[in-house]
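Thanks for coming. I have one structure to go through today, and I will take it residue by residue. Please have a look at the slide.

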Amino acid sequence: MQFTLTVDMDALTGEPEAELSRILRYWAGNLKHYELVEGTHETLSDTAYVPVGQWRIEPSPE
């Protein structure tokens with residue numbers, strides 16, 4: 001399995017460095033609330049609640 005987190009930096013509505021830092025801090029601490037199995041995923045939003053990415057657990061590439 002692999003964990004993938006993607007963020008569209010062009011979609012962030014605030015200061016990119018601050019928004020990305022907040023997203024990474026928030027989801028690093030929040031992962032404990034999820035079962036980390038293939039298919040688990042969640043949409044990432046910036047501070048304006050605009051969807052800007054996603055994290056997901058998916059099969060490892062072969």
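I start with Ile 23. What does Ile 23 touch, leaving out residues up to four places away in sequence? In this predicted model, Ile 23 touches Val 7, Leu 12, Leu 44, Ser 45 and Val 52.

Some of those names come back on the next point, the core. The largest nonpolar core has 8 residues. They are Leu 12, Ile 23, Trp 27, Leu 31, Leu 44, Val 52, Trp 55 and Ile 57. Helix H1, residues 16–30, and strand E3, residues 51–58, each supply at least two residues of that core. Which element gives the largest share? That is E3, with 3 residues.

Now the rings. There are 5 aromatic pairs in the count. One of them joins Tyr 26 and Trp 27, and this pair is edge-to-face. The centres are 5.1 Å apart, and the angle between the planes is 85 degrees. Trp 27 is buried, with a relative accessible area of 9%.

A further pair is Tyr 34 with Trp 55. Why is this pair called edge-to-face? The planes of the two rings stand at 90 degrees, and over 60 counts as edge-to-face. The ring centres of Tyr 34 and Trp 55 are 5.1 Å apart, and a pair needs centres within 6.5 Å.

Where do the two partners sit? Tyr 34 is in the loop between H1 and strand E2, residues 41–45, while Trp 55 is in strand E3. The pair therefore ties together parts that are 21 residues apart in sequence.

Is Trp 55 buried or exposed? Trp 55 has 0% relative accessibility, so it counts as buried. Tyr 34 has a relative accessible area of 24% and is partly exposed, because buried means under 20%.

Taking the rings as a group, Phe 3, Tyr 26, Trp 27, Tyr 34 and Trp 55 form one aromatic cluster. Trp 27 and Trp 55 are also among the residues of the nonpolar core.

Last, Pro 59. Its place is in the segment after E3. Leaving out residues up to four places away in sequence, Pro 59 touches Met 1, Gln 2 and Glu 38. How far is Pro 59 from His 33 in space, C-alpha to C-alpha? The distance is 20 Å, and the two are 26 residues apart in sequence.

That is what I have for today.

Definitions and conventions
Residues are numbered from 1 along each chain as its sequence is written. This is a predicted model: local features need pLDDT of at least 70, side-chain atom pairs count only at pLDDT 80 or more; totals for chains, interfaces and linings use all residues. Side-chain values use heavy atoms; hydrogens and water are left out. A nonpolar core is a set of buried Ala, Val, Leu, Ile, Met, Phe, Trp, Tyr and Cys residues joined through side-chain atoms within 4.5 Å. Buried means under 20% relative accessible area, exposed over 50%, partly exposed in between (1.4 Å probe, protein chains only). Helices (H or I, at least four residues) and strands (E, at least two) are DSSP runs, numbered from the N terminus. Contact means heavy atoms within 4.5 Å. Rings of Phe, Tyr and Trp (its six-membered ring) pair if their centres lie within 6.5 Å; planes under 30 degrees apart count as stacked, over 60 as edge-to-face and the rest as tilted.
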